[in-house]
Amino acid sequence: MKIHIRTYGCQMNERDSEALAALLVRAGHELVDNEPSADAIIVNTCSVRQKAEHKALGKLGRIVAAGRGQDGPVVGAVGCMVQRMGSDIFKKLPDLDFALGTGQLHSLPSVLEQATGRANHYLDTSLENVSESMVSMDGHVNSGVSAFVNILRGCNRRCTYCIVPEVRGPEQSRPALDIISESKALVEKGVKEITLLGQSVMSYGRTNDAWPLDHVSRESLVEPFPRLLEAMSSIEGLERIRFTSGHPSGCTAELVHAYEAFPAICDHLHLPLQSGSDRILEMMKRQYSTEDYRRVVTALREVRPQIALSTDIIVGFPTESESDFDATSDFMEEMTYDNSFIFKYSPRPNTAALKWGDDVSSEEKLRRNHELLEAQDARSQQINKKLVGLEMEILVEGVSRRNKKSDRSHVVL
């Protein structure tokens, strides 16, 4: 069967799609780059923001409408949106063939064997065997120089705006030996850079016993995530290690030491702030203050002065005042972020913040969003200008994504 996979959302979803592709190839299926030639079309959905859901629903609606009838492709939805909506997804999309939640991605090959392309409405959103969906990338179909490796699924933090614990379940860490084995296999296939993925990646190993790894830490590290970074750094041929998404509480003294001790860890950290107002941070249940965040960044910059810092920001959270917004703007200026991902707050079902309403107008959210984006653009320009004339090591990933007709390559510092 020829299969096309379409992905919406974050890097975790990208990795899930790559894992699904590897599963399907091992099951004897063929992957295709375009929908018209596909016998089956799979849409991997996201539910973190309302906009991502709208995009996925719109895409699925167009696919099933175009292929309605016995000769049309099998169409399935997988991922977070399915987990959230459950059987309601078939009310929105009556011609959808099947839907799999986040804990059942591993069952896709067997579900496809039973799919008829006649809207049989198969649904499975069980989270009981979520660990099985952290499938290995052995047989990885991506031949690039960079790869994602999932080390943790779910989240236990329960930030008041976030739907992830609802759709991906509680934290569950993957065995360290499996992670190392998969990473070595990827490096043997030419991968030079690996990004370790987890919704709260620094919590790796805290909930379930994903350790021990069969070695003694040379750096006398005892925390699971820094020990995993040490083990990754010992893989011959792996030149770059990244990880996302971080949390300030995970930036312990041992993690800071890892940045100092292991050169393979890239000079970059994505560390979501969400707000520069301590009042809003408390409402978000982020479990740190701006002073805690400042202390973490100071410690990291002491051992890696050149580290690039990126972040996530939410504007228009319930009750966010102008002074709260100004505090965020001022704190971002202080941190001198290299890049920022700035989102307008959107209420999500089954979150604690839903009961507080959505009292910041759309116009005001847009204004605050644009103001922070413009300030970030100016900071990024200043930072980039300082790099002019410097000789740096770069990683060439491939042809320019924005202009495939040009001879310019896409590079990563």
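User: Which backbone atom does the side chain of T45 reach, and at what distance?

Analyst: Happy to start there. This is a predicted model. In it, the T45 side chain comes to the backbone nitrogen of M81 at 3.1 Å. T45 itself belongs to strand β3, residues 40-45.

User: Is T45 buried or exposed?

Analyst: The idea is to compare relative accessibility with a cut-off: under 20% is buried. T45 has 0% relative accessibility, so T45 counts as buried. Setting aside neighbours within four places in sequence, the contacts of T45 include Y8, N13, A56 and L60. The run V78, G79, C80, M81 and V82 is also in contact with T45.

User: Where does the side chain of S380 reach?

Analyst: S380 sits in helix α13, residues 362-385, and the side chain of S380 reaches the backbone oxygen of D338 at 2.8 Å. The C-alpha atoms of S380 and N339 are separated by 6.6 Å, although the two residues are 41 apart along the chain. S380 counts as buried because its relative accessibility is 14%.

User: How should I read an aromatic pair, and how many are found here?

Analyst: A ring pair is described by two values, the distance of the centres and the angle of the planes. Searching the whole structure gives seven aromatic pairs. One of them joins F225 and F243, at 5.0 Å centre to centre with 85 degrees between the planes, and is edge-to-face. That pair links distant parts of the chain, with F225 in helix α8 and F243 in strand β11 (residues 240-244), 18 residues apart. Both partners are buried: F225 has 2% relative accessibility, and F243 has 6%.

User: What makes the pair of Y288 and Y293 tilted?

Analyst: Look at the angle. The ring planes of Y288 and Y293 stand at 45 degrees, with the centres 6.2 Å apart, so this pair is tilted. Y288 is buried at 8% relative accessibility, and Y293 is buried at 0%.

User: Which residues do ring pairs link into a cluster?

Analyst: The cluster consists of Y161, F317, Y345 and W356.

User: How do the axes of α11 and α12 cross?

Analyst: For two helices, read the distance of the axes together with the crossing angle. The axes of α11 (residues 290-303) and α12 (residues 322-335) come within 12 Å and cross at roughly 10 degrees. That angle makes α11 roughly parallel to α12. On the α11 side the contact is made by T290, Y293, R294, V297 and R301, which meet F331, E334 and M335 of α12. By type, the residues of this contact are four nonpolar, one polar and three charged.

User: Why do residues three or four places apart in a helix matter for reading such a contact?

Analyst: An α-helix has 3.6 residues a turn, so residues three or four places apart point the same way. Keep that in mind when you look along any helix.

User: Which residues of helix α9 are buried, and what covers them?

Analyst: In α9 (residues 253-261) the buried residues are E254, L255, V256, A258 and Y259. Their cover includes α8, β11, β12 (268-270) and α11.

User: Where is L221 found, and what is it in contact with?

Analyst: L221 is in the loop between β10 (193-197) and α8 (224-233). L221 is buried, with a relative accessible area of 5%. Beyond neighbours within four places in sequence, L221 is in contact with P226, R227, E230, E254, H257 and F262.

Note on methods: Residues numbered from 1 in each chain as written. Predicted model: local features only at pLDDT ≥ 70, side-chain atom pairs only at ≥ 80, totals over all residues. Heavy atoms only, no water. Helix = DSSP H or I, 4+ residues; strand = E, 2+ residues; numbered from the N terminus. Buried < 20%, exposed > 50% of the residue type's maximum accessible area, 1.4 Å probe, protein only. Polar contact = N/O pair within 3.5 Å; in protein donor to acceptor, adjacent residues only side chain to side chain. Contact = heavy atoms within 4.5 Å. Axes fitted to C-alpha atoms, helices over the stretch in contact; angles between N-to-C directions. Parallel < 35°, antiparallel > 145°, perpendicular 65-115°, else oblique. Nonpolar A, V, L, I, M, F, W, Y, C, P; charged D, E, K, R; others polar. Phe/Tyr/Trp six-rings, centres within 6.5 Å; stacked < 30°, edge-to-face > 60°.
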